[in-house]
Amino acid sequence: LIPTINSSPTPSCDYNLLQIDFDFGTYRIINDGIYCLSENIIFNPLPPDQELSSKSPNSIDPFLWFPKDNTSYPGCRSLQNGPFALGFFSVISIETSNVIIDLQEYEI
């Protein structure tokens, strides 16, 4: 056997991302650094409660899944003049330079 040499070792992480970081919506990266997943991530922000889940999707308020905090998610209240006027459009939004995202073999 020939030993495998990792020529690009995993850099240390500045931020470790967990499922809870995504439970309420898009994770906004506003600081540079190395972001590492620490577990698999399932993105389903603001899911309906059990009662609503049993109803037809057409009978559920279409804005249920929109962010509510206009400070954290600009544009969500007015539905204009901000990236979140469309609701949660991504799992992670990178809003600065010099960012590395290391999945560390986890999945989103």
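Below is a working chat about a predicted model of a protein chain.

Q: Before we start, what are the ground rules for numbering and for what counts here?
A: Residues are numbered from 1 along each chain as its sequence is written, and, this being a predicted model, local features need pLDDT of at least 70, side-chain atom pairs count only at pLDDT 80 or more, and totals for chains, interfaces and linings use all residues. Side-chain values use heavy atoms, with hydrogens and water left out.

Q: OK, what's the mean pLDDT of the chain?
A: The mean pLDDT, where pLDDT is the predictor's confidence in each residue from 0 to 100, is 79 for the protein chain, and 71% of its residues reach 70 or more.

Q: And which elements have the lowest and highest mean pLDDT?
A: Helix 1 (residues 50-53) has the lowest, at 62, and strand 3 (residues 33-37) the highest, at 97; helices (H or I, at least four residues) and strands (E, at least two) are DSSP runs, numbered from the N terminus.

Q: What about residues 1-9?
A: Over residues 1-9 the pLDDT is below 50, and beyond near neighbours in sequence this stretch has zero contacts in the model, a contact being heavy atoms within 4.5 Å. Where pLDDT is low, the predicted coordinates should not be read in detail.

Q: Switching to the sheet: what's the strand order?
A: The order is 1-3-5 in an open sheet of three strands with parallel pairing, where two strands pair if DSSP finds at least two bridges between them. Strand 1 and strand 5 (99-102) are the edge strands, each pairing on one side only.

Q: How many bridges between strand 3 and strand 5?
A: Strand 3 and strand 5 pair in the parallel sense over four bridges, and glycine 33 has valine 99 in strand 5 as its bridge partner.

Q: Now the aromatics, how many pairs are there?
A: The structure holds three aromatic pairs, counting rings of Phe, Tyr and Trp (its six-membered ring) whose centres lie within 6.5 Å, with planes under 30 degrees apart taken as stacked, over 60 as edge-to-face and the rest as tilted. In one of them, the rings of tyrosine 15 and tyrosine 35 are stacked, because their centres are 4.4 Å apart and their planes at 15°.

Q: Where do those two sit in the chain?
A: Tyrosine 15 lies in strand 1 (residues 15-17) and tyrosine 35 in strand 3, so the pair ties together parts that are 20 residues apart in sequence.

Q: Is tyrosine 35 buried or exposed?
A: Tyrosine 35 is buried, with a relative accessible area of 2%, whereas tyrosine 15 is partly exposed at 30%; buried means under 20% relative accessible area, exposed over 50% and partly exposed in between (1.4 Å probe, protein chains only).
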